[in-house]
Amino acid sequence: WPSSFCAKFAMEELMKDLDLDEELGRAQGPANSHGYHEVLEPEPPTFGSWKILVVTLSLVSMISMAVLAVWALDAKVAGAAAVKETVNLGSWSDSIEGCTQMFQAIMDEDVRKVKLGDFNFHSAEITLEEVDSAQAAAEALRDPKTDFVQIGRCGPQDRSVVWLYPDKSGDDTSAFLLADGECKRIETQALDKNSKASCVAVYRVPSPAAGTLLLNHFHLPGSISHAVLGGHGSDNAWNHGVLQMSDEVNLGEDDLESTTLVDTLGTKLTPHGTVFLDSCFAGINGVAQMVSKRLPQHWVMGGVVSLTSLIRVQPTPFDGSAQSGPTQVTSELAPDSVIDPSKGVHLKDGYPEASFLEGVALQGDGTVEKVDRLVGERIIAWFGGMNRGSVTQWLYPSKNKQVLKIGCKVEVIEPFHAFRMGSTDFDMDEPESMDDQGLGIFSQLLPKGLEGSVLFLHNVGNAPTSGNALINYGLPREFKAAGITGGAGQTLGPLLTLTQDFGKLKVHC
């Protein structure tokens, strides 16, 4: 894949108003309702190694990731994947062993709960494939010619999770194949005994209008608890981006087909149903904002960079309201490059690209290595047309199930380590000189009962982020009882508190 693939969408064709019958029927052919005849060649696998816990030369990121490197080496991201500048979901070379196991579990219970095949957008007829094994089901799921998938109990009234992915006309590079990474998401929502959804449906559509047709044909109002809208997206941070659902139609604010699809989806969602935009840069290029404005009572999530198959859906303890938070969040914790702002933008193959920095990784044994990526959460959430920041804030609630917010008071319920940072190597002979200063990190074990106030959260900036908190903790009670500060200040100062320890805090906002 060319690294500039997503960027070129920002400079290509404008939205087109197409005749509905022409758009729905343009892919008709003798082979099936989409007329596919070409042989899809497997893509070569591309894997890369990356360090999970890293420190960049940018101070804020370095603080968070350095501490993670030393004190949270067990908080690992499963798998290793190279970051591409476009959507990088399942490919022909990716394993489908997990998909096979998923289908086997479902088919062992009831083989009728697995339906895969082709939907004719003219006659609304379904041609189901004869799937005689879990392996065959997994292969059919990955096949881009399979445009109709229903897993579970999937009547029109049944609670459903619905994916609308582009068909071959909008995915000529086969980036939206479904392999083990995607099956983990499906399995979470189709097989989880605590899930409120009894059906996961995946439809490959040639246009937004086709997506509207499928929603109306298969799902009653108020029946969809989570929706996924997929398609290639453009790298544009000034609300002029698109989500490409075919080679001619993009999901955008000025396109009638697009707004009709989103409005129709709004009627199908449950009261607290959520939406995930499975597309390059959708969280920041204007697409999430458009969808959120049209669905103001629903949480809408999208990425701030390109996405991979590390995406997961996780439940939260919140009720879905604007004040509380989404009932579930879509998350992707993965590695990303760090921009070198001093070098601006250069052209590569005719498209603008950024330059990137190297940083350092502080390993658990104290050694330091050069690295070129940071690990962070890539997904942000929107509600009521407003950007609400990284999903980390709902993934890591406090002990009393509260979201940490700036200004909230906290109390340590269970001891843990937090981290004080500051400059080192101060030269008393030349106090004005800054040449020898470095970054010092001190671990402090916080006792039960210690109180503090939240100063800052790493959930802003529309960039991959850690979600960690900067909290100003007071001195332990023994110091107050003795009437001393100990000579190091009236408080412990601002300490970096890791997301993994939010559950050891009681929060009052």
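Modeller: We can go through confidence, the overall fold, the cores and then some individual residues.

Colleague: What should I know about how the values were made?

Modeller: This is a predicted model, in which local features need pLDDT of at least 70 and side-chain atom pairs count only at pLDDT 80 or more, while totals for chains, interfaces and linings use all residues. Residues are numbered from 1 along each chain as its sequence is written, and side-chain values use heavy atoms, with hydrogens and water left out.

Colleague: What is the average pLDDT of the protein chain?

Modeller: The average is 80, and 76% of the residues score at least 70, where pLDDT is the predictor's confidence in each residue, from 0 to 100. Over residues 1-86 pLDDT stays under 50, and for that stretch the model has 220 contacts beyond four places in sequence, a contact meaning heavy atoms within 4.5 Å.

Colleague: And how many helices and strands does the chain have?

Modeller: There are 10 helices and 28 strands in the protein chain; these are DSSP runs numbered from the N terminus, with helices being H or I of at least four residues and strands E of at least two. Of the chain's 509 residues, 53% count as buried, and buried means under 20% relative accessible area, exposed over 50%, and partly exposed in between, with a 1.4 Å probe and protein chains only. Among the contacts with a separation of 6 or more, 75% are between residues 24 or more positions apart.

Colleague: Which residues touch the most other members in the largest nonpolar core?

Modeller: In that core of 42 residues, they are Phe103, Leu141, Trp163, Ile186, Met301, Val391 and Trp394. A nonpolar core here is a set of buried Ala, Val, Leu, Ile, Met, Phe, Trp, Tyr and Cys residues joined through side-chain atoms within 4.5 Å. Apart from it lies another core, of 39 residues, which includes Val205, Leu214, Leu261 and Leu295.

Colleague: What does Phe103 contact, leaving aside its neighbours within four places in sequence?

Modeller: Phe103 is then in contact with Val114, Ala134, Ala137, Ala138, Leu141 and Ile151.

Colleague: Let's switch to helix α7. How far does it reach?

Modeller: Helix α7 covers residues 256-268, 13 residues in total, and reaches 19 Å from its first C-alpha to its last, close to the 18 Å expected at 1.5 Å a residue; the expected span is 1.5 Å times one less than the number of residues.

Colleague: Is Glu257 itself buried or exposed?

Modeller: Glu257 counts as buried because its relative accessibility is 11%. Its side chain reaches the backbone nitrogen of Ala209 at 3.2 Å, which is a polar contact, that is, a pair of N or O atoms within 3.5 Å; within protein, one must be able to donate a hydrogen and the other to accept it, and residues adjacent in sequence count only if both atoms are side-chain atoms. Ala209 is one of the buried residues of α6, a helix of residues 208-218 in which 8 of the 11 residues are buried.

Colleague: Where does Leu269 sit?

Modeller: Leu269 is in strand β10, residues 269-278, and it is buried because its relative accessible area is 5%. Beyond its neighbours within four places in sequence, Leu269 contacts Gly222, Ile224, Ala227, Thr274, Val275, Leu295 and His298. Pro221 is 48 residues from Leu269 in sequence, and their C-alpha atoms are 6.8 Å apart.

Colleague: What is the phi of Phe281?

Modeller: Phe281 has a phi near 60°, a positive value in a residue other than glycine. Most residues other than glycine have a negative phi. Phe281 is found in the loop between β10 and α8, and it counts as buried because its relative accessibility is 6%. Lys401 also has phi near 60°, and its place is in the loop between α9 and β22.
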